[in-house]
Amino acid sequence: MSRTIDLKRPAAIWKEQDVIEGRRVDTFVTIFLTTGCWWSSKKGCLMCGYNIDSTPRVTEEHLRAQLSRAMERYKGEAMVKIYTSGSFLDEREIPTSFRDEVFNSFDEAERILFESRAEFVTPATLKDIDHRSQVAIGLESADERVLRKCIRKGFTVEDYNSAANALYDADIPLRTYLLLKPPFLTERAAVEDTVMSIAYASRFSESVSVNPTNVQKGTVVESLFRRGDYRPPWLWSLVEVLRRGRALSKCRLMSSPSGGGTMRGVHNCDACDKNILDAVQRFSFEQNVEEFDGLKCGCREEWIALMDVQGTMGTTVDVARYLSSDLEFDQR
Ligand code: SF4
Ligand SMILES: [Zn+2]
């Protein structure tokens, strides 16, 4: 069934909290409906279903109408995040003239964060960019092989480095997103990959956000998940990554998992998901790994066993589901 899309409304608007230079601040978030990520329409990343929030029919006039709707809800929050399910700096999505209108509209904001693929973050696109900008880049993994084979990112670590250098020269802070547990990695390999990537990306970043994979509709990851060949990461893995990552990096480390505590998102078991997600949220603001001390649940033993058994078995499938033959579980 096709969805009716109103091109004059943003795909979503909500409010949350974030941090500017150590201060917790009210944050306004909007996702503009745009023509979408160019890479998504070519091959796309294996876990990405964001093209659901885009259509080639969007014009600059539609974007302008979306901005007006967003402004009706904006109440002077200090931080503004503008997502496009693609790249704010790709002119095909956000024409330069409209970009300036966005900055001018949010005149009370201290910081305006937007996302872009690395290839659009260049000295040319950053020239004359509003000084309140912060750019978020989804590096996902600093391992070239993982980036290419497990994520199909369509850019390289070297491209990320160039973008990071351009931001540094322009004095614009960088937030790097990392993906915890792309497909085809064991739970242990996924943890190691993200810990290593935090160490790498934190050298360039003002903040690093760890995004555990959540299973989005219409993606390669979803097909694997349906077959029992993929399980989103355990919350214990996220805790491990944040704890070890904190010791390795000086920049702010955070995680705000989409779909946390559901079968399609990062999860442990019903008994401990909420407690651990709350601890992750507190950690993201306070940066204190002691938030994770004392977290206990019987499922931790299962996670520890899995960390060993997948390697021994030489498999990345959802071992628990195969062993229980429970491939028809509730796919919330
Ligand atoms: S670059 Fe981002 S928006 Fe584009 S396909 Fe990959 S995850 Fe999706
Ligand atoms: Zn548990």
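This is a predicted model: local features need pLDDT of at least 70, side-chain atom pairs count only at pLDDT 80 or more; totals for chains, interfaces and linings use all residues.

Trainee: Which residues surround ligand 1?

Mentor: Cys37, Trp39, Ser40, Cys45, Cys48, Tyr50, Ser85, Arg117 and Lys153.

Trainee: OK, new topic. How many residues does the largest nonpolar core have?

Mentor: That core has 88 residues, and Phe106 and Ile137 have the most contacts inside it. Apart from it there's another core of ten residues, including Ile20, Val25, Leu113 and Tyr177.

Trainee: And what does Phe106 touch?

Mentor: Leaving out residues up to four places away in sequence, Phe106 touches Phe28, Leu67, Met71, Tyr74, Val80, Ile82, Ile112 and Arg132.

Trainee: Now the metal. What coordinates the zinc ion, ligand 2?

Mentor: Four SG atoms do, from Cys269, Cys272, Cys297 and Cys299, at 2.3 Å. Along the chain, those donors follow the spacing C-x2-C-x24-C-x1-C.

Trainee: What geometry does the site of the zinc ion have?

Mentor: Tetrahedral, with angles of 100 to 117° among the four donor atoms. For reference, the ideal angle for four tetrahedral donors is 109.5 degrees.

Trainee: Is Cys299 buried or exposed?

Mentor: Cys299 has a relative accessible area of 7%, so it counts as buried.

Trainee: And why is Cys297 put down as partly exposed?

Mentor: Because its relative accessible area is 22%, and buried means under 20% while exposed means over 50%.

Notes
Residues are numbered from 1 along each chain as its sequence is written. Chains are lettered from A and ligands numbered from 1 in the order in which they are written. Side-chain values use heavy atoms; hydrogens and water are left out. A residue is near a molecule or strand if one of its heavy atoms lies within 4 Å of it. A nonpolar core is a set of buried Ala, Val, Leu, Ile, Met, Phe, Trp, Tyr and Cys residues joined through side-chain atoms within 4.5 Å. Buried means under 20% relative accessible area, exposed over 50%, partly exposed in between (1.4 Å probe, protein chains only). Contact means heavy atoms within 4.5 Å. Donors are N, O and S atoms within 2.8 Å of the metal (3.2 Å for Na, K and Ca); water is not among the atoms, so sites may look incomplete. Four donors count as tetrahedral if all angles lie between 85 and 135 degrees; four count as square planar and six as octahedral if opposite donors are over 155 degrees apart and all others between 65 and 115; anything else is irregular.
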